[in-house]
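Visitor: Hello! I am new to reading protein models. Could you walk me through one?

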Amino acid sequence: MKGLILCAGNGKRLRPFTHSLPKTLLPVLNQPILLKCIQSLEESGITDIGVVIRHDQKSIMDYLSEVHLSVQVTFLFQTEPLGIANALLSAEEFLGGDSFILILGDNLITVPLQELQDAFAGNDGALMLSPVDNPQEFGVAIISENRIVQLEEKPENPKSNLAVIGMYAFSSKVFDAIRCISPSPRGEYEITDAIQQMISSGLNISYSVTSHAFFDIGTPERWLDANESLLSERTEEIGTGTVLENCTLNGHVLIGNGCLIKNATIGPNVSIGDGCIVMNGILTHSICLNNAYLDLSGLTVSRSIFGKNSRFEPAATRSSRVLLGNDSMVSFLKGRIAQYDD
Ligand SMILES: Cc1cn([C@H]2C[C@H](O)[C@@H](COP(=O)(O)OP(=O)(O)O[C@H]3O[C@H](CO)[C@@H](O)[C@H](O)[C@H]3O)O2)c(=O)[nH]c1=O
């Protein structure tokens with residue numbers, strides 16, 4: 001069995017961060033989501049992994065060539081982000097007729113892959129489902145007599161609260177189904193339509209309803225929620241070479257290597273990447289990417305994300321919420337707060 005991870009989407013809802021970093025390289029607990037996807041395949045014994053990227057996503061190739069992996073990664077290219085089913089076509093040759101596990105590279109899934117593999121045994125497809133409060137934001141499965149009878153992509157009026165989460169198992173028969181479907185109203189070749197096509201042609205698609213947490217890191221809110229949830233399972237961690245001066249750490253906090261944290265209260269639920277400077281204020285429920293510089297000027301800042309190399313020195317007087325993109329800067333200029341995006 002092979003593994004396939006999709007990274008070729010646009011990440012529009014995560015701008016400004018995705019202007020300069022593919023969505024799948026955004027960190028949760030200071031590690032790119034993509035690395036966590038690879039690790040979960042590796043843990044279940046899958047070592048031959050295809051990663052679907054766009055031609056302009058060289059940063060993903062660079063990143064994976066720098067980290068030590070004990071799996072074989074093959075890069076596959078999707079020319080345009082025409083949908084998940086279309087992305088699969090770019091992997092058909094790599095998969096060579098084998099069954100495979102598909103992981104959406106922006107999904108952080110804590111479900112053990114074995115749960116999916118068990119459901120897949122003897123079938124042509126298997127899905128992981130999870131009850132959610134907002135099914136209209138997902139592909140939704142309608143079940144009758146323990147079988148999936150219908151799938152709908154982001155329905156306005158969902159007939160079920162069972163969301164399809166971003167890990168699937170397929171036999172190579174999925175490719176015949178993909179060749180039969182047309183683009184959806186949003187212009188994408190939907191994986192839900194391909195699976196519906198498999199069901200309509202009499203193939204067995206099994207499922208498992210999981211109680212494990214999953215996060216689709218599709219928006220800043222969900223990114224913060226995912227980080228917060230994973231942080232809550234860990235104890236405080238401070239990287240090497242990090243200096244803390246006159247600081248209070250509150251609750252779950254992760255601080256990377258080579259940081260300076262000074263005259264500040266950090267936490268709860270804050271992760272700070274490598275090389276960051278945070279001083280003179282209170283930071284809670286937030287994410288700082290590598291080399292962010294924050295002079296909080298006495299502010300309390302919460303539910304905020306600071307991009308790589310961003311600089312925040314507001315000299316403002318009220319509590320704030322900030323989403324500051326990579327390489328951008330906020331400073332106090334002629335009485336106004338100005339943001340410079342990259
Ligand atoms: C559209 C497209 C996406 N992708 C990658 C980018 C992301 O890592 C991943 C998911 O793409 P998104 O466009 O965010 O998919 P999203 O709208 O969240 O919906 C998908 O993921 C949901 C689970 O999160 C499912 O419930 C939906 O049925 C499924 O369609 O696939 C590609 O590699 N190529 C593409 O053309």
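Guide: Gladly! A residue counts as near a molecule if one of its heavy atoms lies within 4 Å of it. Keep in mind that this is a predicted model.

Visitor: Which residues come nearest to the ligand here?

Guide: Among the 25 residues around the ligand, the nearest are Ala 8, Gln 78, Glu 153, Lys 154 and Val 164. Sorted by class, this shell has 10 nonpolar, seven polar and eight charged residues.

Visitor: How do I read a polar contact?

Guide: Look for a pair of N or O atoms within 3.5 Å. In this model, a polar side-chain atom of Glu 153 lies 2.8 Å from an oxygen atom of the ligand. The backbone takes part too: an N or O atom of Gly 139 is 2.9 Å from a ligand oxygen, and one of Leu 82 is 3.2 Å from a ligand oxygen.

Visitor: How much of the ligand's accessible area does the protein cover?

Guide: The ligand on its own has 700 Å² of accessible area, and the protein covers 95% of that. The space the ligand takes is the largest pocket.

Visitor: Now for cysteines. What is a disulfide?

Guide: A disulfide is a covalent bond joining the sulfur atoms of two cysteines. The cut-off used here is 2.5 Å between the sulfurs, and the count comes to zero disulfides. Cys 37, for example, is in none, as its nearest cysteine sulfur, that of Cys 7, is 7.3 Å away.

Visitor: Are Cys 37 and Cys 288 buried or exposed?

Guide: Cys 37 counts as buried because its relative accessibility is 4%. Cys 288 is buried as well, at 1% relative accessible area.

Definitions and conventions:
Residues numbered from 1 in each chain as written. Predicted model: local features only at pLDDT ≥ 70, side-chain atom pairs only at ≥ 80, totals over all residues. Heavy atoms only, no water. Polar contact = N/O pair within 3.5 Å; in protein donor to acceptor, adjacent residues only side chain to side chain. Areas by Shrake-Rupley, 256 points an atom, 1.4 Å probe, with all protein chains shown as cover. 1 Å grid on protein atoms, 1.4 Å probe; cavity = no way out; pocket = protein on both sides within 12 Å on 5 of 7 lines; lining within 4 Å. Sits in = over half its atoms within 2 Å of the grid points. Nonpolar A, V, L, I, M, F, W, Y, C, P; charged D, E, K, R; others polar. Buried < 20%, exposed > 50% of the residue type's maximum accessible area, 1.4 Å probe, protein only.
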